[in-house]
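Have the sequence and the 3D view at hand as you read.

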Amino acid sequence: ANTNTNTNITYKNIVISDNDSKTVNLNSEILTSSSSSSSSSSFPSILPSNSLSTPPSNSPSSSPSNSLKLTTIDLSKFEAVKKKPLIAIFSGFKTILMRQTVRSTWLAGSWFKSWTDAKFILADINELPANSSLKYQLLEESKKYNDMIFLPGTFDSYNALGHRITELIKYCANSNKYSFLVKVDDDTYIHMDRLRDLLSWISKEKLYWGEFVHQGQVIIEANHRWADPIYFHQVNGHYATYAMGGGYIISLDIIKWITFSPMPPQEWQNEDAQLGTWLSPVDVTYYSANGGIWNSLCWDCTSCDWRTFMVHGLVDSSGMRQCHSSSSKWDLCACKANEK
């Protein structure tokens, strides 16, 4: 399907139009093409070089500064297509059990389909050999559930998640179907009724929601899971303010701005810090979850209540099921929250 949105976006006083047709195979969940503006670490940064380490002007940790203007997109231009939030669940080729557990817990039933789409976001399935049993298993799973997207040109590696979020954002922009991007991992439990209520009243424009990290330390130890030496040498020893990757939300205008900016976004090791850096010089609004996203094992749940939207870091299927049943001996935060 060709998308033609005729939307103008202002970036550094340059008005660009995204009315050129961009072809994405939306009928198949295995996408065969992506946005024409490809991304590579060799490209110039999406941010001006003197702004890479500047915190957002409306971030609680920053001082006033001149930010780039994110032109608000007139959503009335897209009224012909009723938009829903996309819940994008990052998942790996081999985490089949976690996907099954998510489907049988917080994604069980069909009541949520009236107000949102939920998809597991995986790497390019063509990364696997043609005769791979895992590839066959994934294709059968995708055919059965119709809830998996294999992003072309991405890899099934933790180190490659920065590129996966880039391609996901471009997919959302080109599909012209989504009002928000709700990004979570497959070890995250979502209270869907609370998320629905949140999205019903929260701002539809310039929205960046999550649990924010301010002045996060960049790790350079080579063997560390979160090592990001390229960022450290290009920027400085601290990340720009960012929402942690267990769960965050961005609005349609931010999705469009990232996708159709005249300079392709530069990618780093950690996808959540990468997004925060892209948005650091832009006039987005930072909505803190205010404790609404919890780590899985919570030894002191005295402050955990009905405001809990998500629980992340559920490392196995039993933890997810315990969270869903509200009967865990570990006193999971979500279990306490269900007792309101």
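Let us begin with Lys 170, which is found in helix α3 (residues 161-175); helices here are DSSP runs of H or I with at least four residues, strands are runs of E with at least two, and both are numbered from the N terminus. Lys 170 is buried, with a relative accessible area of 5%. Buried stands for under 20% relative accessible area, exposed for over 50%, and partly exposed for anything in between (1.4 Å probe, protein chains only). The side chain of Lys 170 makes a polar contact with that of Glu 167, at 2.9 Å; such a contact is a pair of N or O atoms within 3.5 Å, where within protein one must be able to donate a hydrogen and the other to accept it, and residues adjacent in sequence count only if both atoms are side-chain atoms.

This is a predicted model: local features need pLDDT of at least 70, side-chain atom pairs count only at pLDDT 80 or more, and totals for chains, interfaces and linings use all residues. Residues are numbered from 1 along each chain as its sequence is written, and side-chain values use heavy atoms, with hydrogens and water left out.

Next comes an open sheet of 3 strands in the order β9-β14-β13, with mixed pairing. Two strands pair if DSSP finds at least two bridges between them.

| Edge strand | Residues |
|---|---|
| β9 | 189-190 |
| β13 | 293-295 |

Each edge strand pairs on one side only. β13 and β14 (residues 310-312) pair in the parallel sense over 3 bridges, and Trp 294 stands opposite Val 311 in β14.
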